[in-house]
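Try each one before reading its solution.

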Amino acid sequence: MFRLWKECEGAENIVISGHVRPDGDCVGSCMATYLFLKKVMPEARIKVFLEQPADIFSCIQDYDKIETECHIDEAPDIFIALDCEKTRLGAAEVLFDKAKKKINIDHHISNASGCGDVNYVVPTASSASELVYDVIDKEYMDLEIAKAIYIGIIHDTGIFQYSNTSPKTLQTAGELIAFGFDFPTLIDETFYEKTYVQNQILGRALLESIIFMDGKCAVSYVDQKTMAFYNATPKDLEGIVNQLRIVKGVECAIFMYEIGTQQYKVSLRSCKYVDVSKVATFFGGGGHVRAAGCTMNGSFYDVVNNLSEHIEEQMVQVKY
Ligand code: 5GP
Ligand code: MN
């Protein structure tokens with residue numbers, strides 16, 4: 001069995017990082033790894049690099065130690081890439097390439113073979129955080145590490161509601177809450193709570209949503225002008241696609257926001273049939289069977305038409 005500490009033996013300089021636009025699982029898995037390695041390897045220089053995570057994650061211990069600027073430094077002895085493949089590391093990718101040993105822990109089906117010298121990639125796992133729990137030595141677990149892992153799991157499973165939740169996920173969560181942190185508050189404050197602006201923009205996106213393909217698809221988008229009006233950032237748009245997915249009769253939800261002229265960051269979700277990872281991968285992105293994303297160019301209608309073609313093709317195949 002892969003043991004993280006064993007894999008890091010003898011390293012003096014370790015860099016931990018995850019994907020661009022880090023979500024709860026990315027932050028949780030990176031911070032749990034950081035807290036664990038710092039504890040068992042106090043002599044090593046360990047850095048965690050991430051694009052600025054949302055403030056809601058500041059409840060994780062050592063959140064203030066996260067480095068958001070990746071200065072090109074000496075080659076790390078070990079680079080640990082979490083919750084992604086190397087091409088989604090953003091500015092940290094150059095350090096990954098230079099590292100003497102590369103470790104990849106991930107659960108994206110679009111990264112099934114892994115990108116490290118050592119890989120622990122389990123596409124059926126709920127989250128990268130659940131995988132971090134597998135590979136750390138349990139006698140060194142503590143409340144703060146447990147909290148970070150728990151945050152990662154709840155974010156990627158939508159509080160244990162998505163189909164990626166397995167009996168093992170729940171068993172892991174049970175072992176984690178036994179450490180005694182205040183999980184109901186954690187769930188409220190990192191998952192359900194919305195700022196006034198987040199609710200306003202959610203309302204607006206729902207108001208302007210369209211259903212098509214006989215009600216099986218729902219789509220909405222937010223343009224840069226609207227984001228500027230609300231003074232919103234991409235982090236304020238999380239959750240909108242999930243709200244579109246639960247419209248009665250909808251199998252597939254598409255949400256996109258404008259990141260440049262005629263360029264959109266696209267989020268895809270499905271309920272039961274459509275493999276959205278396949279759709280996103282076709283357009284250069286990736287993800288999971290029920291949740292995936294990509295970046296696409298063109299007008300809103302071009303993007304919807306291009307995506308629909310691939311979604312419809314799958315729906316026809318299952319005679320949905
Ligand atoms: P979200 O829609 O929440 O941004 O992402 C859903 C899932 O797809 C997440 O697991 C995320 O990591 C993955 N994902 C989103 N965008 C991309 C992308 O551009 N490329 C890849 N490979 N995965 C993505
Ligand atoms: Mn994840």
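Strands here are DSSP runs of at least two residues, numbered from the N terminus. Keep in mind that the model is predicted.

**Exercise 1.** Find which strands supply at least two residues each of the shell around ligand 1, and then see how the ligand is held.

*Solution.* 
1. Begin with the strands: E9 (263-270), E10 (286-287) and E11 (291-297) each supply at least two residues of the shell. The largest share, four residues, comes from E11.
2. Next, look at the domains. Domain 1 (4-192) and domain 2 (196-317) each give at least three residues to the shell.
3. Now pick out the polar atoms. An oxygen atom of ligand 1 is 2.6 Å from an N or O atom in the side chain of serine 267. For arginine 269, a polar side-chain atom lies 2.8 Å from a ligand oxygen, and for arginine 88 the distance is 2.9 Å.
4. Finish with the area: ligand 1 taken alone exposes 490 Å², and the protein buries 82% of that.

**Exercise 2.** Work out how strand E7 (residues 217-222) is placed: is it largely enclosed or open?

*Solution.* 
1. Check one neighbour: E6 (residues 210-212) pairs with E7 in the antiparallel sense over three bridges, with isoleucine 211 partnered by alanine 218.
2. Check another: E8 (residues 252-260) runs parallel to E7, joined by six bridges. Here serine 220 stands opposite phenylalanine 255.
3. Count burial: five of the six residues of E7 are buried, so the strand is largely enclosed by the rest of the structure.

Key
Residues numbered from 1 in each chain as written. Chains lettered and ligands numbered in written order. Predicted model: local features only at pLDDT ≥ 70, side-chain atom pairs only at ≥ 80, totals over all residues. Heavy atoms only, no water. Buried < 20%, exposed > 50% of the residue type's maximum accessible area, 1.4 Å probe, protein only. Pairing = 2+ DSSP bridges. Polar contact = N/O pair within 3.5 Å; in protein donor to acceptor, adjacent residues only side chain to side chain. Areas by Shrake-Rupley, 256 points an atom, 1.4 Å probe, with all protein chains shown as cover. Domains from an automatic or database assignment.
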